[in-house]
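Subject: Structure for you to look at

Hello,

Here is the structure I said I would pass on. Please open it beside this message and find each residue as you read.

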Amino acid sequence: MAGEDGHGDVASALNTQLERRGLPPYEPPGGDREPPGWFEEKMSPSMDGFDALCRARLTPKERDDLLGWSLLVPFALEEGITLPVGSGYTDETLVVGAPYVLALAERLADALGLPLDLVPSTFGNLELTLWFLEGDAERAAVTRPGPWADDPAAAFYTAVYLRAAQYCLRHGRPMAYS
């Protein structure tokens, strides 16, 4: 993982922490096969409703891990690992396992009654941003009303975190929040 997309310091620090926990080092899948496309969404709506949802439905630790990760890895970790390596927005890097993020986001989606069968899942660039902000979600709310439709921004962020974890797991590659 060292040197991986310019994140060699993070990779080295992560593997050191994994070793301290008695876990094997993380090595991404070999070969030249890259995931098709990438996962990118514009985090532009207000997060106030999503934060309130997280405070109501998650423990403080779960909320901090969900909202604070800067590196999502495609394997289970019992807890987040804070690395003393800066990331795009912080002086440290919080590494969280995608299965954990997925479970938290699924709980939030259930609480909102988010119709996941209607929410895009092909991981196209800005797919969720466009669906939620360009009118498709509003049209879906007419036929599938529920708490999710009362706060589209909270539903958007729930979908983003859920789909990010799914993308990470599907492709077996770490994902940086940037």
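This is a predicted model: local features need pLDDT of at least 70, side-chain atom pairs count only at pLDDT 80 or more; totals for chains, interfaces and linings use all residues.

The cores

In soluble globular proteins, nonpolar side chains tend to be buried together. Here, the largest nonpolar core contains 41 residues. Those with the most contacts inside this core are Phe-39, Phe-50, Leu-66, Leu-72, Leu-114, Phe-132 and Trp-148. The elements that supply two or more residues to the core are α2 (48-57), β3 (93-97), α4 (98-112), α5 (127-133), α6 (136-143) and α8 (152-171). Of these, α8 gives the most, with 12 residues.

Setting aside neighbours within four places in sequence, Leu-66 is in contact with Phe-50, Cys-54, Leu-58, Val-101, Leu-104, Leu-108 and Tyr-161. There is also a second, separate core, made of 13 residues, and Ala-13, Tyr-26, Val-73 and Val-85 are among them.

Two helices

Two packed helices are described by the angle between their axes and the distance between the axes. For α2 and α4, the axes come within 11 Å and cross at roughly 100 degrees. Angles of 65 to 115 degrees count as roughly perpendicular, and therefore α2 and α4 are roughly perpendicular to each other. On the α2 side, the contact is made by Phe-50, Leu-53, Cys-54 and Arg-57. On the α4 side, Arg-107, Leu-108, Ala-111 and Leu-112 take part. By type, the residues of this contact are six nonpolar, no polar and two charged.

Two single residues

Is Thr-93 buried or exposed? Thr-93 is part of strand β3 and has a relative accessible area of 2%. Buried means under 20%, so Thr-93 is buried. Leaving out residues up to four places away in sequence, Thr-93 touches Val-10, Ser-70, Leu-71, Ile-81, Thr-82, Leu-83, Val-85, Gly-86 and Ser-87. With Val-85 there is a polar approach as well: a polar atom of the Thr-93 side chain lies 2.6 Å from the backbone oxygen of Val-85.

Ala-52 belongs to helix α2. Its relative accessible area is 44%, and Ala-52 is partly exposed. Where does the chain bring Ala-154 relative to Ala-52? The two residues are 102 residues apart in sequence, and their C-alpha atoms are 8.7 Å apart in space.

Regards

Terms used:
Residues are numbered from 1 along each chain as its sequence is written. Side-chain values use heavy atoms; hydrogens and water are left out. A nonpolar core is a set of buried Ala, Val, Leu, Ile, Met, Phe, Trp, Tyr and Cys residues joined through side-chain atoms within 4.5 Å. Buried means under 20% relative accessible area, exposed over 50%, partly exposed in between (1.4 Å probe, protein chains only). Helices (H or I, at least four residues) and strands (E, at least two) are DSSP runs, numbered from the N terminus. Contact means heavy atoms within 4.5 Å. Axes are lines fitted to C-alpha atoms, for helices over the stretch in contact, and angles run from 0 to 180 degrees between N-to-C directions. Angles under 35 degrees count as roughly parallel, over 145 as roughly antiparallel, 65 to 115 as roughly perpendicular and the rest as oblique. Ala, Val, Leu, Ile, Met, Phe, Trp, Tyr, Cys and Pro count as nonpolar, Asp, Glu, Lys and Arg as charged, and the others, Gly among them, as polar. A polar contact is a pair of N or O atoms within 3.5 Å; within protein, one must be able to donate a hydrogen and the other to accept it, and residues adjacent in sequence count only if both atoms are side-chain atoms.
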